[in-house]
Amino acid sequence: MLTESEMDPDNKVESNNGSATFGNAKAPLVDALKSAAEKNVAAFHFPGHNRGRAAPPLLAEAIGMGPFYHDLPELPELDNLFAPEEAIADAQHRAACLFGADETWFLVGGSTCGIQAAVMATCFPGEILILARNSHMSVVSAMILSGTLPKYIFPEYDPVWDITYGIHSFQVKEVLEELRGEGKRVAAVLITSPTYFGVCSDLRGIAEVCHVHDVPLIVDEAHGAHFKFHSIFPKTALDQGADIVVQSTHKVLCSLTQSAMLHIQGKRVDRERLCRCLQTLQSSSPSYLLLASLDAARAYIGNNTSSLDSSNTLFKRAIDLANEARYAIQQIPGLHVLDSVNSASLIVLDPLRVTVGLWEIGLSGYEADDILRIEHGVIAELPSLHTLMFAINPGTDSENIKRLVWALQSLSVTSTIKSKSKHNFLSTLHQDGLFATIKTKLSPREAFFARTKRVDINDAPGKICAELICPYPPGIPVLIPGEVISDRALMYLKEVVDAGAMVSGASDPSLSSILVCIV
């Protein structure tokens, strides 16, 4: 087993220009995987493609043989994800040093399994989890698995942009004091920051409130793994005092899709219990391609980051391109760009998210997304009723930005002509916010395991929902098991489906019927 000094012989190294950089150029898990793949062995182990010798030809032709050579099982020299002592332990320790955590775990089930483990590790059945109602659907599955009871906080809603803003510390304080006054035990607070649109919450204030009540703060920072690596970015959740932070390293950083990290600091969370939860939730045959990609991404980002001002050469270019895109798009007739000035509330935004408002040209984000993708080869990250969101990252180049701006200019010209016949997507449905009238009759777990029946969608209002139904992306549930189905929720679902959205979780994709609980 490696000692800490062996795992971290020199956490700061000299870059080519003589300035100190975070991390170390070494990528121990990548090195171990490369060494194992290069060995000339007679392999009598899984997987069945046997180091590429029986690789499916169609896939091998598409991606090459490299992934098959390195798609190896838990060989002794590759360490064990659930009892790491060598390469994985070293790689995770280096990640913790880079991201500012006391301890870091690699995840092969995405941020979803990290959120589930965080909730299960902090909340016992029947205890209360305080969370924003616009949390990701992984939080709902976490409550089903853990038996936790939700207490929702409702973020401020902007009906023009059809987005929610961040959570304030006073909201968390009010709910904590209310529940404590009722004699109820609050096990944890969970905040999503940033949101899919890059909107950040007051995490420092929330952490202070939580810790006064000795309640751990879990932050779903899936969309903010890059915040550590440039001074212009919002402060990280760890820097602001969160106890558990879950990040999708693959989103803006450069690991493979489905790979993520969970970071922890302080003593409010039982780490042994967290380890047991992760082992319960993650595959017993984790992909070493995913694990090695996390190690490689850490090394790549760390060796481009200065410890003097936390500036990252990879992200400086991305920030400049995002600003260039914003300015150019703001000049296009009929289009709007979300920023802290034109929003309805003072907000902190991720500068790498460019959200474009489309309501003046009479198109929904779903319609505009289809046009851009099919006619111009421009692919947005997230369409919604009123907007398109574009994610800028270290791989974005100036030609990408020019192509995006040109496509949006074309969209503006052609759509403005048609806008007179288009309906206005700023419907009165959203003026008070979608979640203003939520009522809960059963816990998510009770509803999930209840007996159910299928009813016509027109007969559903007033009944208890048995399904988790949400437009995806972004994966924010409109209906959660245990909630009373409202006319408002059904109208919203109908509107987004008519506008071109995909709905996840519904057993009847047409939404002509829905499962309800028999009570």
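User: How many helices and strands does the secondary structure of the protein come to?

Analyst: This is a predicted model, in which local features need pLDDT of at least 70 and side-chain atom pairs count only at pLDDT 80 or more, while totals for chains, interfaces and linings use all residues. Residues are numbered from 1 along each chain as its sequence is written, and side-chain values use heavy atoms, with hydrogens and water left out. Helices (H or I, at least four residues) and strands (E, at least two) are DSSP runs numbered from the N terminus, and the secondary structure comes to 16 helices and 21 strands.

User: What share of the residues in the protein is buried?

Analyst: Buried means under 20% relative accessible area, with exposed over 50% and partly exposed in between, for a 1.4 Å probe and protein chains only. By that definition, of the 519 residues in the protein, the buried share is 56%.

User: How are α8 and α9 oriented to each other, roughly parallel or roughly antiparallel?

Analyst: Axes are lines fitted to C-alpha atoms, for helices over the stretch in contact, and angles run from 0 to 180 degrees between N-to-C directions. The axes of helix α8 (residues 169-181) and helix α9 (residues 203-212) come within 8 Å and cross at roughly 20 degrees. Because angles under 35 degrees count as roughly parallel, over 145 as roughly antiparallel, 65 to 115 as roughly perpendicular and the rest as oblique, α8 and α9 are roughly parallel.

User: Is C210 buried or exposed, and what is its relative accessible area?

Analyst: C210 is found in helix α9. Leaving aside neighbours within four places in sequence, C210 is in contact (heavy atoms within 4.5 Å) with V172, L176, V189, V215 and L217. C210 and L176 are 34 residues apart in sequence and 8.2 Å apart in space, C-alpha to C-alpha. C210 is buried, with a relative accessible area of 0%.
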